[in-house]
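Please keep the sequence and the three-dimensional view at hand while reading.

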Amino acid sequence: MAEAHQAVAFQFTVSPEGIDLQLSHAALKEVYISGLRSWKKKFNQLRNSFVTGVYPASPSSWLFMVTAILVTQYSRLDPSMGMIGKIKEHLPVSDYLSDQGLTVLSALAFSTALWLALIVTMRSILKMLLCYHGWMFEEHGKISNTTKIWLALVKIFAGRKPMLYSYQASLPRLPVPALKDTMQRYLESARPLTTDDEFQRMAGLARDFERTLGPRLQWYLRLKSWWASNYVSDWWEEYVYLRSRGPLMVNSNYYGMDFIYVTPTPIQAARAGNLVHAMLLYRRKLTREEIKPNITPNSFIPLCIAQWERLFNTTRLPGVGKDTIQHLRDSKHIAVYHAGRFFRVWLYHKGRLLRPRELQAQFQLILDDPTPPLPGEEKLGALTAAERDPWARARQTYFRSGVNEQSLSIVEKAAFFVTLDTSEQGLQGPNPSQALDAYSKSLLHGRCCDRWFDKSFTLIVYRNGKSGINAEHSWADAPIVAHLWEYTIATDAFTLGYDANGNCKGDKDSSIPPPQKLQWDIPPECQEVILKSLSVALALANDIDFNTFPFKEFGKGLIKKCHTSPDGFIQLCLQLAHFRDRKKFCLTYEASMTRLFREGRTETVRSCTIESCNFVKAMMDPTQNDGTRLRLFRMAAERHQNLYRKAMTGAGIDRHLFCLYVVSKYLGLDSPFLREVLSEPWRLSTSQTPIQQIELFDLQNHPDYISFGGGFGPVADDGYGVSYVIVGEDLINFHVSCKFSSKETDAHRFGQNIQKAMVDILALFQLDKNFPVKSRPVTQ
């Protein structure tokens, strides 16, 4: 095979005169270039580590410090107050240097120590400043003098030109909330969802827990918070994700969509070439730490970026009882799936990344390859879609040696996974709404065997040029994948582009080896396991109902004129829509980030509150006037915003209760209160997918060139999953999911209720004759 010949550095033959080495200069050159690239990468990583390690100072500031101290020495000034002289007396090389040399060396040592002390001081001050969160609770547009002074100090101590990881050491640790506060907040969240008798019973359990077992568990949790970088994240990753035994597909993985109204090229191989190249450019920027640190919107307050470390070269490995995450520092290939076959595509040639046109040629070779799948190969990916333990046992039994081990290793050690899908998706056919729903389902689960759900993410490119991304959840949360996806599709459309025929631009090197088709020897027993996994996955996938739709009546621009938060507005719309749909309130999950803290991930905002229920009841009561409804809406929106801010600043409910539960299990103690709280079902799970890099998209001149957002499956069997993305000023996209098997849910019915609720709530603000725009009613 061609790739085997390329891997040989030299050959030899045995002759009567001895062994005759036949050196392959081309292969040796490849070895040299590969080694050179590796050493350059190591040097860049070492340099970046040093620059990040001394931030907010810089290497040039050390040179300035040394020069200044030396100048003072020659000017017969002593800013060290005698310390340079003390250092000079105790230098171990005093017998080998002149007096002038000792002075210079002593001054160098003092200035370096002073420089390091200043770095530690500046970091400590910045960390203390970042512990202040009062700015978040101030009224929009009104900044107190305290916050103004704080902002000025943060700007001073935050340094200039930070690299990706520059702020990590300065981020504060996530605080452990007071036990009393968490108990009070929990009971407030439970009140609108329980009867008087149920609430009194839960209040009694909470008081008993707070008085007896709670303080002991809290002590252990505080101890962990002092020792670990984050008292939640490692347990959250292990117990919520890695120890979960259910299928990743639908239950855990999520997806992101392509442009909807435009397709940059209809040529599948060309689109894949540009997208893969854009992702590799992002990976190179990530490795070089050239990506700007994440900050909170409209400010310069840094967010934790620890989750970026495992974006590429990462796979979740199945294990019996618990999975593990495998992350490699580098990977030189990607794994590609097409029409039931697996391939390896190399990403480098002669020490450089493959160009888009070269990647297109590689993918075209795969598309044109007529080789049929080997026995068991076509549906092999179904193992990653079903329960984890059967996959773990099959991996241990059938993939521990021979070609199976080699091929599986190639897939698991790939930079990421690519599916060249044989179907077409997007806005097509006579019913665009159904087409969007089918597009969402395809991205979420596909055919259940044509994605590798264990990879950190799978890039999916359809036959008509549409694309999308499916991501595994344990290693990071959706904003990290969304950041990559925004960069990828923007670079594809606005930077790389295509020629007049729809092909990738540029030339190609014809000497690049072709893709390597992976070999498998899957025995009949393993094929039976694969088919069982496929059966489980298909049953789950076929049960998913989706309604994906754009809401175009109004958007963020008009909502802001209501002097309310767009997120709070939408959350209250969801509460009203859900009550109209189910005729009852339910426990509602809204994801909030805690990345203001080191290694922070998410916290839960319990959006169903006493205030939101009062508002919904008023909307459903025909005797209530609109003035009362508007007043109740404002109270509910303010309450929601306050809960969201508390969650972001470490004063949430659910992560604290979760960690207390984990401690109780480690101690072998049972808590009826914690057991009941953590078993409550989330029948409405919601999440906003914010656009983080709006500067990459020219929405004014190219309003159609923006991702449609992404979605996920329902958390409860009888519940809804709702994802929404606010696009520009006039558009909000919704992704609604539920299960056909539940007689109580219907994704399209709930979608219509959401649209009606949006218009009905906006109508409350139209009582003001000065309100700028009248909304249009939603067509039923």
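Asn464 is placed in the loop between strand S11 and strand S12 (467-471). The model is a predicted one. With a relative accessible area of 17%, Asn464 is buried, because buried means under 20% relative accessible area. A polar atom of the Asn464 side chain lies 2.7 Å from the backbone oxygen of Gln425. Once neighbours within four places in sequence are left aside, the residues in contact with Asn464 are Thr263, Thr265, Pro266, Glu424, Gln425 and Gln428.

Ser671 lies in the loop between helix H22 (654-666) and helix H23 (672-677). Its relative accessibility is 5%, and Ser671 therefore counts as buried. The side chain of Ser671 reaches the backbone nitrogen of Leu674 at a distance of 3.1 Å. Apart from neighbours within four places in sequence, Ser671 is in contact with Phe209 and Leu213.

Helix H8 spans residues 196-211 and helix H9 residues 213-227; they pack at an angle of about 55°, with their axes 3 Å apart. H8 and H9 are therefore oblique to each other.

From H7, the residues involved are Leu179, Lys180, Met183, Tyr186 and Leu187. They meet Phe199, Met202, Ala203, Ala206, Phe209 and Glu210 in H8.

Another helix to consider is H20 (residues 610-620), in which Ser612, Cys613, Phe615, Val616, Ala618 and Met619 are buried. These buried residues of H20 pack against helix H19 (566-582), helix H21 (626-648) and helix H24 (747-765).

The next topic is the aromatic side chains. How many aromatic pairs does a search of the whole structure find? The search finds 35. One of these pairs is formed by Phe417 and Trp452, whose ring centres are 6.2 Å apart and whose planes stand at 35°, so the pair is tilted. This pair links distant parts of the chain, 35 residues apart: Phe417 belongs to strand S10 (residues 417-420), and Trp452 to the loop between helix H15 (432-445) and strand S11 (457-461). Both Phe417 and Trp452 are buried. Tyr724 and Phe734 form a further pair, with ring centres 6.1 Å apart and planes at 40°, so this pair is likewise tilted. Here too distant parts of the chain are linked, with Tyr724 in strand S19 (residues 720-727) and Phe734 in strand S20 (residues 731-739), 10 residues apart. Tyr724 and Phe734 are both buried.

Phe417 and Trp452 also belong to one aromatic cluster, together with Tyr337, Phe342, Trp391, Phe399 and Trp520.

Charged side chains lie over the faces of two tryptophan rings, as listed below.

| Charged residue | Ring | Distance from the ring centre |
|---|---|---|
| Lys224 | Trp235 | 3.5 Å |
| Arg655 | Trp236 | 3.8 Å |

Ala339 is not a glycine, yet it has a positive phi of about 50°. Ala339 lies in the loop between strand S6 (333-338) and strand S7 (341-346). Is Ala339 buried or partly exposed? With a relative accessible area of 33%, Ala339 is partly exposed. Glu599 has a phi near 60°, a positive value in a residue other than glycine. Its place is the loop between strand S15 (588-593) and strand S16 (602-606). At 34% relative accessibility, Glu599 counts as partly exposed.

Methods. Residues are numbered from 1 along each chain as its sequence is written. This is a predicted model: local features need pLDDT of at least 70, side-chain atom pairs count only at pLDDT 80 or more; totals for chains, interfaces and linings use all residues. Side-chain values use heavy atoms; hydrogens and water are left out. Helices (H or I, at least four residues) and strands (E, at least two) are DSSP runs, numbered from the N terminus. Buried means under 20% relative accessible area, exposed over 50%, partly exposed in between (1.4 Å probe, protein chains only). A polar contact is a pair of N or O atoms within 3.5 Å; within protein, one must be able to donate a hydrogen and the other to accept it, and residues adjacent in sequence count only if both atoms are side-chain atoms. Contact means heavy atoms within 4.5 Å. Rings of Phe, Tyr and Trp (its six-membered ring) pair if their centres lie within 6.5 Å; planes under 30 degrees apart count as stacked, over 60 as edge-to-face and the rest as tilted. A charge sits over a ring if NZ of Lys or CZ of Arg is within 6 Å of the ring centre and within 35 degrees of the ring normal. Axes are lines fitted to C-alpha atoms, for helices over the stretch in contact, and angles run from 0 to 180 degrees between N-to-C directions. Angles under 35 degrees count as roughly parallel, over 145 as roughly antiparallel, 65 to 115 as roughly perpendicular and the rest as oblique.
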